[in-house]
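Please look over the sequence and the model first.

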Amino acid sequence: MTHSAKPEATLAKRATAVPLLDIQRQYRTIREEVLAAIERVCSSQQFILGAEVEEFEREIATFIGVPSAVGCASGTDALWLTLVAAGVQPGDGVITTAFSFFASASAMLVDIDPRTFNLDPEKVAARLRSGGSHKIRALLPVHLYGQCADMDALQHLAEEFDLVIIEDAAQTIGAKCRGHQAGSLGIAAAFSFYPTKNLSAFGDAGLAITGDAALGEHMRHLRNHGSSRRYLHEEVGWNCRMDAIQAVVLRVKLKYIDTWNEQRRERAATYERLFAEAGLSRAPTNVDGRSSVTLPQTSEHAHHVFHQYVIRAQRRDELRAFLVQRSIATGIYYPIPLHLQPCFAFLGYGEGDLPEAERASREVLALPMFPELTESEQRWVVEAIADFYS
């Protein structure tokens with residue numbers, strides 16, 4: 001099949017590219033606030049932790065509705081802090097999804113729900129009931145693409161098997177499950193503020209949060225070489241402190257996150273309308289591989305914040321190459337599921353063991369998504385996809 005029926009006329013419709021993400025547009029709206037905040041840090045000369053980090057921790061703890069927030073150097077560090085503080089030891093099993101970013105990986109990988117791409121509670125239950133050589137200590141659900149996992153079902157399993165739940169909420173600041181904020185649904189949670197996130201720093205930064213004050217204090221010690229005061233180290237920790245410039249940038253942006261998230265939801269609704277107008281609609285209840293395009297599905301109990309707008313696409317790689325010709329950027333999150341990564345070969349998984357994660361890795365395609373994305377840009381994206389499948 002070729003796609004050259006009207007290349008010159010179609011390509012002439014749009015001379016500018018559509019980026020996957022354009023953080024310059026956001027920066028222009030808050031530039032003066034951000035520069036003033038950075039100048040405040042430079043004038044104070046207090047660059048690591050300090051008052052600005054403490055203020056950010058208080059503000060974001062209030063936003064999420066938990067008593068304790070611990071700023072750290074990255075989302076990966078936040079995961080490490082939450083796992084260690086929650087008592088996970090070498091040799092303990094932690095169940096998580098095979099379809100996520102590398103930082104989420106642990107010893108027990110389980111398949112996903114094909115509708116939401118999140119950890120499938122039924123498969124988690126089967127894994128727990130099958131036994132095994134590892135003592136399973138925790139569940140680590142990843143709230144993927146901006147939508148919370150099925151926390152009700154996972155909480156029931158945690159209670160049945162006496163497990164702790166640690167949320168990987170790296171992509172879901174402001175998302176909710178049954179009205180409760182992501183990050184407040186387990187014993188602890190980890191957030192990332194990588195520059196591409198909905199709430200983004202000007203470099204690496206992360207946050208570990210908990211509803212347990214003692215656990216929060218433990219994480220504060222761990223992030224600072226296991227020290228509660230200078231030159232006294234009660235345990236071996238790590239250097240993963242948040243710097244004050246990241247904190248002030250995040251303080252500025254936190255004021256706008258609800259608005260920006262709502263704009264993302266509006267863009268998602270626009271995509272759904274444009275796909276319907278183009279005759280490319282979602283599969284009604286499941287993902288059976290017969291539709292050219294399957295749109296994101298939102299759980300009835302979820303408040304999705306669309307960190308990414310991810311479709312399933314037949315002949316995904318061909319479509320992506322076609323969109324490049326139309327100057328449309330896309331992303332693939334994630335092209336290789338964790339259980340097939342070479343570094344995890346020792347876990348003993350093989351191709352076919354987690355089929356839904358494997359199929360998702362062949363079909364997922366992230367389309368441009370950010371608050372400042374225009375409807376004309378979205379229309380250009382959908383028209384190009386419709387042209388490809390025509």
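The text below treats salt bridges and then nonpolar cores.

The structure is a predicted model, in which local features need pLDDT of at least 70 and side-chain atom pairs count only at pLDDT 80 or more, while totals for chains, interfaces and linings use all residues. Residues are numbered from 1 along each chain as its sequence is written, and side-chain values use heavy atoms, with hydrogens and water left out.

**Salt bridges**

A salt bridge is a side-chain nitrogen of Lys or Arg within 4 Å of a carboxyl oxygen of Asp or Glu. Across the whole structure, 27 salt bridges are found. Three of these pairs are listed here.

| Pair | N to O distance |
|---|---|
| Arg58 and Glu55 | 2.2 Å |
| Glu266 and Arg267 | 3.4 Å |
| Glu277 and Arg379 | 3.7 Å |

Helices (H or I, at least four residues) and strands (E, at least two) are DSSP runs, numbered from the N terminus.

Arg58 and Glu55 both belong to helix 3 (residues 51–64), where they stand 3 residues apart, about one turn of the helix. Arg58 is partly exposed at 46% relative accessibility, and Glu55 is partly exposed at 28%.

Glu277 is exposed at 52%, and Arg379 is partly exposed at 32%.

Beyond these pairs, a network of salt bridges links Arg40, Glu52, Glu59 and Arg251.

**Nonpolar cores**

A nonpolar core is a set of buried Ala, Val, Leu, Ile, Met, Phe, Trp, Tyr and Cys residues joined through side-chain atoms within 4.5 Å. The largest such core has 48 residues, of which Phe99, Phe275, Tyr309 and Ile385 touch the most other members. Elements that each supply at least two residues of this core include helix 9, strand 14 (309–313) and helix 12. Helix 12 gives the largest share, 8 residues.

Contact means heavy atoms within 4.5 Å. Apart from its neighbours within four places in sequence, Phe275 is in contact with residues including Leu280, Val293, Tyr309, Val382 and Ile385.

A second, separate core of 34 residues includes Val53, Ala201, Leu207 and Trp260.

How values were computed:
Buried < 20%, exposed > 50% of the residue type's maximum accessible area, 1.4 Å probe, protein only.
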